[in-house]
Amino acid sequence: MSYVIYEKARKLGEKAYREAVSHGRPPYLPVLDEMVSREEIRGEVSLGLVSIPLNRVVGTATAGRTNAFASNFMPVLDMKTEFGVKWTKLCEAQMTEGIRDPIKVYEYLNYYYVVEGNKRVSVLKYFGADTIPAFVTRKVPRYSEDPEIRKYYAFMDFYRKTGVNYIWFSREEGFAEMIDAVGVDENGGETLLTEDSQKVNAPAGEGGVKKEDADQEDGKTEDAKPEPVKPAEIQLSLEERERVWSEDTRLTVKSAYYRFQKIYLEKGGARLGRITTGDAFLSAVKLHSLNRLEEMNSEEMKDMVTGMWEEFQLLNNRDESVEVALDPPEKKKNLFNQIFPAYSVARPLTAAFVYEMDPSVSDWSFGHELGRNHVTDVFGGLVRTLKVVPEDSGRGAIEAMEALIGNEGADVIFTTTASLIDASLKCAVKYPDVRILNCSINTSHRYIRTYAARLFEAKFLSGMVAGALSREGKLGYLADYPIFGVTAEINAFALGARMVRPGATVKLCWTTLKEGSLRSEIEKELLEEGVDFVSGQDMIAPVRSSRRFGLYQLGEAEPVNFATTLYNWGVFYEQILRMVLSGTWNGAESSDELKALNYWWGFSAGVIDIILSEKIPAETRRMISLFRKEIINENLHPFEGPIRDNTGREVSEAGHLLSTDEIMRMDWLAENVTGSIPPLAAFKNNARQIVEMKGVLQEGKERENEDSGDR
């Protein structure tokens, strides 16, 4: 029987050999020694005995046996050779008692290269095994800004914290997101040797074929435990590693992951070439939780994977996965809906609004509450509106939304902050007939639609007002979070000021930092530096009578308001609910079924505006009115090059208009902005959640920013 299996394995090897040759690829196993020079390696670390994923074992450490295997690790030599005889003996051992003896490998960039045990790997790959025990020595590359090296360093940190080596992500952020999605155990801290790996640490030959008979290679006998490789530059003992997952958590992750992987790949996950199984698994954990995945039986998990397939396709096309609607869709008539309307005064449409904070204390929630009141005034009894402030943005928000759906019959739910997006997704998957929209920018999920407003258009005009009125052109800008959209607003204000006053500068101050973020202290410092006009928060909460919002003038007395940029959320909500009432909601979906839909409306839709004080000279008000019309008619673009950032780098050449995506993802500050985008650690705890979720800076960018300092 083992001889028949060898011939089948050899045919697989020959097929892989021919395909590699026909496509101009090396037909044999890659050799680590030929791939990496000593100069590229920072040092070596012995990881001890570890269970490693077989699909990450891709080559050999040296060229000694590489020609015996095709690139898929299947044999290519004749069965009558000494190699073929030993392979078949190992095959018999696997079928009777199982191969348990550890191999020896080098790990480099989370791929494994065999030092001893190539045939064991080959046999187990043929039988479709998931893992193999191995004594692992890690070759640590020197750090660089190469994306793959950065990702590998993120993996090493993930491995140090979790002891998990079989999950890989296409983005470096995935590793930290996985820890966040699973959570941190209070009783973590065990060493790497898991129960599984301890079981395989048996004396040579016990419970399997003797290696001197079956796997002797190049005159070497593998019946003794390999000597640990001494680290060249770094020491990393198992006891010193700080675990954040307990043994129980690791076993749960392992069980859920391999069950998910089997179903995901059977459905064709390998064809989604831009993402890994780890990316898809992370998405499933975020949406359903690890415990729920572990509880699913095979049929439930198959249904879950099938239900999430569009989400996986969106992930695979991440860079092109969001269709941004810059204006409301054209009004269409649905004849059937006109004859048989779905909603009436007797059966009104129920629209619910979920606020993270009560509108009486939050200027952001208050703006959306004004929008809800607008809807009530416009539609009367045809639309019934509800509002809720859940206890938290996690479980509390989910329970609140489920109550709105189950008890109140909510047809449409607007969740008004980005922090509510996870709760929105979970409810959208569970209740597909309910239309759920989340207020955030550039979020690629097929289950929900997202919405935001192009406030940067109004900020551009506000900057023009400030530049025209300032005595010396020294301006200030108070911002809360460096998230998608906010950086565009900062830069638009600065560019607007410079348009009317070429020497204008903008001092950027963050109001949610751990240190030095009191508004009174910030304003005092700005005043001492000669700043006379400041762009503050966009709206004031009803309980506060302060004048520190919009564009205001600093002075010894109370600030004086000159302009206010504002959101007309009521206009947005009215347009969306008209689509639902008219039966055209489905017709307003993305033109591409594999894209999510993000509404990002501005002046042209009436969703944002600017209010000018009578204290502004008439000529200046006339200028602003003219430029507002030019923006609406697309004759003026706030981000038309040439534009440089405050490091001197050209971000837009002369005549180039930044694209919608470039504006959304803006992670730089304009040339005339004094300040920087702080790292995550600099923010207060209550601000970190939203910065983690929607922050424009990634870890590498944060390091660059820390190095560059304030400019």
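Is Tyr481 buried, partly exposed or exposed? Tyr481 counts as partly exposed, at 25% relative accessibility; here buried means under 20% relative accessible area, exposed over 50%, and partly exposed in between (1.4 Å probe, protein chains only).

The views below are of a predicted model, in which local features need pLDDT of at least 70 and side-chain atom pairs count only at pLDDT 80 or more, while totals for chains, interfaces and linings use all residues. Residues are numbered from 1 along each chain as its sequence is written, and side-chain values use heavy atoms, with hydrogens and water left out.

**View A. Surroundings of Tyr481.** Tyr481 sits in the loop between strand 12 and helix 19. Helices (H or I, at least four residues) and strands (E, at least two) are DSSP runs, numbered from the N terminus. Leaving aside residues up to four places away in sequence, Tyr481 touches Val486, Trp510, Thr512, Ala687, Ile690 and Val691, where contact means heavy atoms within 4.5 Å. Between the C-alpha atoms of Tyr481 and Trp510 the separation is 7.2 Å, with the two residues 29 apart along the chain.

**View B. The second largest pocket.** This pocket has a volume of about 1,400 Å³. Its lining has 46 residues, and those closest to the centre are Asp363, Trp364, Asp480, Tyr481 and Ile690. Two or more lining residues come from each of helix 15 (363-379), strand 11 (449-453), strand 12 (474-479), helix 19 (486-500), strand 16 (560-567) and helix 24 (685-694). Helix 24 gives the most, with 5 residues. By residue class the lining divides into 22 nonpolar, 14 polar and 10 charged; Ala, Val, Leu, Ile, Met, Phe, Trp, Tyr, Cys and Pro count as nonpolar, Asp, Glu, Lys and Arg as charged, and the others, Gly among them, as polar. On a 1 Å grid over the protein atoms alone, a pocket is an open set of points with protein on both sides within 12 Å along at least five of seven lines, whereas a cavity is a set where a 1.4 Å probe fits but cannot get out; lining residues have an atom within 4 Å of a point. Grid points are joined across faces, edges and corners, and the volume is the space filled by probe spheres set on the points.

**View C. Salt bridges.** The whole structure holds 37 salt bridges, each a side-chain nitrogen of Lys or Arg within 4 Å of a carboxyl oxygen of Asp or Glu. Arg10 and Glu14 pair at 2.9 Å, N to O. Both residues belong to helix 1 (residues 2-22) and lie 4 residues apart, about one turn of the helix. Arg10 is buried at 18% relative accessibility, and Glu14 is partly exposed at 28%. In the salt bridge of Glu402 with Arg395, the closest N and O atoms are 3.6 Å apart; Glu402 is buried at 18%, while Arg395 is partly exposed at 48%. Arg454 and Glu457 form a salt bridge at 2.9 Å, N to O, and both of these residues are buried. A network of salt bridges links Arg171, Glu173, Glu177 and Lys286.

**View D. Asp538 and its side-chain partners.** Asp538 lies in the loop between strand 14 (533-535) and strand 15 (551-553). Its relative accessible area is 16%, so Asp538 is buried. The side chain of Asp538 makes a polar contact of 2.9 Å with that of Lys459 and another of 3.1 Å with that of Thr565. A polar contact is a pair of N or O atoms within 3.5 Å; within protein, one must be able to donate a hydrogen and the other to accept it, and residues adjacent in sequence count only if both atoms are side-chain atoms. Beyond four places in sequence, the residues that Asp538 touches are Leu455, Lys459, Phe549, Thr564, Thr565 and Tyr567.

View E. The peptide bond from Gly641 to Pro642 is cis, with omega near 10°, and Pro642 is in the loop between helix 22 (618-632) and strand 19 (643-644). Asn110, although not a glycine, has a positive phi of about 65°. Asn110 falls in the loop between strand 3 (103-108) and strand 4 (111-116) and is buried, with a relative accessible area of 0%. Ser289, also a residue other than glycine, has a positive phi near 85°. Ser289 occupies the loop between helix 10 (277-288) and helix 11 (290-295) and is partly exposed at 29% relative accessibility.
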